[in-house]
Amino acid sequence: MSGFEINFDGLVGPTHHYAGLAFGNEASFKHRHLISNPRLAAQQGLEKMKALADLGLKQAVLPPHHRPILPELHRLGFQGSDHHCLEQAYQDAPQILSALYSASSMWTANAATVSPSADTQDQKIHFTPANLCLNYHRHLEQYSTEKIFKRIFQDENYFVHHHALPNVPLFGDEGAANHLRFCQDYDQAGVEVFVYGKSFSQKQQHTPTQYPARQSLEASQAIARLHGLNAKNVCFLQQNPEVIDQGVFHNDVISVNNKNVLFTHEKAFLNQDQVLKQLTEQLQQQSISLNIIQVPEQLVSVQDAVNSYLFNSQIISHPNGTMTLVLPEEARQNQAVWNYLQQHLLAEKTIDNIQFFNLRESMQNGGGPACLRLRVAVNAQEYAAIHPHIFLNDHLFIQLHAWIERHYRDRLSIHDLIDPQLMSETQTALDELTQILALGAIYSFQT
Ligand code: SUG
């Protein structure tokens, strides 16, 4: 067996709700305080996983993080019984309560940056959890992410785990959402491209003015060093600040790649013509011939790309060499995007098929198909060393489906977060999930 890529999708947690927490992510802002449906959200994500597993891809599940984070409420000065703390927080600081209940760990493209063993000096797979330090609710994820990853990728012969970078904007890191890896085949050495929004050390004229640049160059450089990547096989590209200001809060909202294919909007990067020419040459030196599908503004505007999440898609490779683009339903509903897909993308023939999924519950918080998955390229030995019980097969699908039915609510408002019942329901659900996935004690209430 040669190498392949595993998609690790985050299961949506039972406290999924709309809080408007992510400044610069326009969907999050637009849908704040809408009533959510956690059960539907989890089912929609699980259906996507099942469809990809049915296509013969390796598909794994990452558990949600434990919520609420009660010790954090105490740290912030809320005192008394748990219920009293929740009520006080709801009255005084509802945004903090939402943050401590957020199910944002579902977007596992932001969980970590992963470098496959074919790229690293010690020939092991390296993981760095993202610190997500520009958003309070998201920076809380890094600790559980590290713990869960160490549990799933335990064997030190194959896997190396780093701590998240320091929690300051200088090292702001959003994980794989700002990371592309080009290769001829998954187990061959690749070129890793780190896309940053801002540099603190380089004198720059161009930075966004409306919305924050979440990923820093300094963070990307630190990860390349930590992972032992060869400088010849690394490239740092700056995101176009203009598109960050139009709601492209991560690079994966405007570009996606698979193997030697880059699917991107013409406005994704700063000095795009020049940097893509350089990238093509760099890849050529590694015997990788870059195939760029670049979408002009004239056919799909940045605004249409942000609204439809055309680029927050997954390009998947089938064993026969064909590729499918996995898109959110919103891309079918956008006329400009639909026309582009039919008249240009499919006619161009790099991508052979397109498939749409309804992920509306996640989309309304700015999370499309690509946000929900973390890619890990492995060889056969590494695959065999991964915790086996998280791989989706028909049996696990049925178990998880029933588990969601048993434990998830079908409506959740911000006000429901003070319901003590929600806290105990969530705890029971996660306790049971760790048994289904045979993960042992990974949550704080279990230790
Ligand atoms: O960080 N939304 C997430 C969406 C992450 C999408 N991931 C990728 N593009 N890879 C974010 O902006 C909204 C939560 C709320 O408002 O309730 C949120 O965190």
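**Reading strands and their neighbours**

Guide: In E4, His126 is the bridge partner of Ser115. Keep in mind that this is a predicted model.

Visitor: Which strand does E4 pair with, and how do the two run?

Guide: Strand E3 (residues 112–115) pairs with strand E4 (residues 125–129). Four bridges join them, and they run antiparallel.

Visitor: Are the faces of E3 covered or open?

Guide: To judge a face, ask whether its residues are buried, meaning under 20% relative accessible area. In E3, Ala112 and Val114 are on one side, with Thr113 and Ser115 on the other. All four are buried, so both faces count as covered.

Visitor: How many residues of E7 are buried?

Guide: Six of its six residues are buried. Val191, Val193 and Val195 point one way from E7. Glu192, Phe194 and Tyr196 point the other way.

Visitor: Which strands pair with E7, and in what sense?

Guide: Take each partner in turn. Strand E6 (residues 179–182) pairs with E7 in the antiparallel sense, over four bridges. Here Leu180 stands opposite Val193 of E7. Strand E8 (residues 234–238) pairs with E7 in the parallel sense, over five bridges. Tyr196 has Gln238 as its bridge partner in E8.

Visitor: Now a whole sheet. In what order do E1, E2 and E15 stand?

Guide: The order is E2-E1-E15, in an open sheet of three strands with mixed pairing. Strand E2 (58–62) and strand E15 (373–378) are at the edges. Each has a single partner strand, so one side of each has no neighbour in the sheet. From one strand to the next, the twist averages 30 degrees.

Visitor: How many bridges join E1 to E15?

Guide: Six bridges join strand E1 (residues 4–10) to E15, and the two run antiparallel.

Visitor: Which helix lies across E1, E2 and E15?

Guide: Helix H2 (residues 38–54) does. H2 runs at about 155 degrees to E2.

Visitor: Which other strands does H2 lie across?

Guide: H2 also lies across E12, E13 and E14, at about 155 degrees to E14. Those strands form an open sheet in the order E12-E13-E14, with mixed pairing. Strand E12 (314–317) and strand E14 (353–357) are the edge strands, each pairing on one side only. Neighbouring strands here are turned by 25 degrees against each other on average, direction ignored.

Visitor: Last, the surface. Which residues form a nonpolar patch?

Guide: Val168, Leu170 and Phe200 form one. Together they have about 230 Å² of accessible area.

Visitor: Where is Phe200, and why does it count as partly exposed?

Guide: Phe200 lies in the loop between strand E7 (191–196) and helix H8 (217–226). Partly exposed is the class between buried, under 20%, and exposed, over 50%. Phe200 has 41% relative accessibility, so it counts as partly exposed.

How values were computed
Residues are numbered from 1 along each chain as its sequence is written. This is a predicted model: local features need pLDDT of at least 70, side-chain atom pairs count only at pLDDT 80 or more; totals for chains, interfaces and linings use all residues. Side-chain values use heavy atoms; hydrogens and water are left out. Two strands pair if DSSP finds at least two bridges between them. Axes are lines fitted to C-alpha atoms, for helices over the stretch in contact, and angles run from 0 to 180 degrees between N-to-C directions. Contact means heavy atoms within 4.5 Å. Patches are made of residues with over 30% relative accessible area and no salt bridge: like charges are joined within 9 Å, nonpolar side chains (Val, Leu, Ile, Met, Phe, Trp, Tyr) within 5 Å. Accessible areas come from the Shrake-Rupley method with a 1.4 Å probe; for residues, only the protein chains shown count as cover. A salt bridge is a side-chain nitrogen of Lys or Arg within 4 Å of a carboxyl oxygen of Asp or Glu. Buried means under 20% relative accessible area, exposed over 50%, partly exposed in between (1.4 Å probe, protein chains only).
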